[in-house]
Amino acid sequence: MVGRLVEWATLGGLQAKNLVPGMWARGDAERIGIAIAPEDSDQAEQLLGYADMALYEAKRNGRNRYEVFRPELEEAARVRRQMETDLRMARQIQEVFLPRS
């Protein structure tokens, strides 16, 4: 099914589509992010968010590719958001720190 989705999507631009029951995809002609229900979520809004995360991963990894959402993408996004928040706070109090590994 993913093979057919990728083939179809490369023929024209792809925005946000519920292509088949249970599968949401976001992307363009070169990169696609996919989230699948009910494995990833049963809420349309959450599925779109997960498809976005997969799309950003596809963009990070180059052209002409697709990525399927996996939980590590959500954790990586959470870590990035926390780091951004920490850096903003450090900037406000003029204190820069490096997190320990």
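Select Val 79, Met 83 and Leu 87 to begin: in this predicted model they form a nonpolar patch on the surface, with about 260 Å² of accessible area together. A patch is made of residues with over 30% relative accessible area and no salt bridge, where like charges are joined within 9 Å and nonpolar side chains (Val, Leu, Ile, Met, Phe, Trp, Tyr) within 5 Å; a salt bridge is a side-chain nitrogen of Lys or Arg within 4 Å of a carboxyl oxygen of Asp or Glu. Accessible areas come from the Shrake-Rupley method with a 1.4 Å probe, and for residues only the protein chains shown count as cover.

Keep Met 83 selected, which is found in helix H3 and is partly exposed, with a relative accessible area of 44%. Here buried means under 20% relative accessible area, exposed over 50%, and partly exposed in between.

Residues are numbered from 1 along each chain as its sequence is written. Local features need pLDDT of at least 70 and side-chain atom pairs count only at pLDDT 80 or more, while totals for chains, interfaces and linings use all residues, and side-chain values use heavy atoms, with hydrogens and water left out.

Now colour the protein by pLDDT, the predictor's confidence in each residue, from 0 to 100. The average is 75, and 64% of the residues score at least 70. Among the elements, helix H3 (residues 71-92) has the highest mean pLDDT (91), and helix H1 (residues 2-9) the lowest (46).

Next, show the cartoon, in which helices (H or I, at least four residues) and strands (E, at least two) are DSSP runs, numbered from the N terminus. The protein has 3 helices and 4 strands, and along the sequence they follow the pattern α-β-β-β-α-β-α.

Move to helix H2 (residues 44-60), whose 17 residues should span 24 Å at 1.5 Å a residue, and whose end C-alpha atoms are 24 Å apart, which agrees; the expected span is 1.5 Å times one less than the number of residues. Several residues of H2 are buried, among them Leu 47, Tyr 50, Met 53 and Glu 57.

Finally, go past H2, which is followed by Gly 62, with a positive phi near 115°. Asn 64, in the loop between H2 and strand S4 (65-68), also has a positive phi, near 55°, in a residue other than glycine, and Asn 64 is exposed, with a relative accessible area of 65%.

Technical notes:
Buried < 20%, exposed > 50% of the residue type's maximum accessible area, 1.4 Å probe, protein only.
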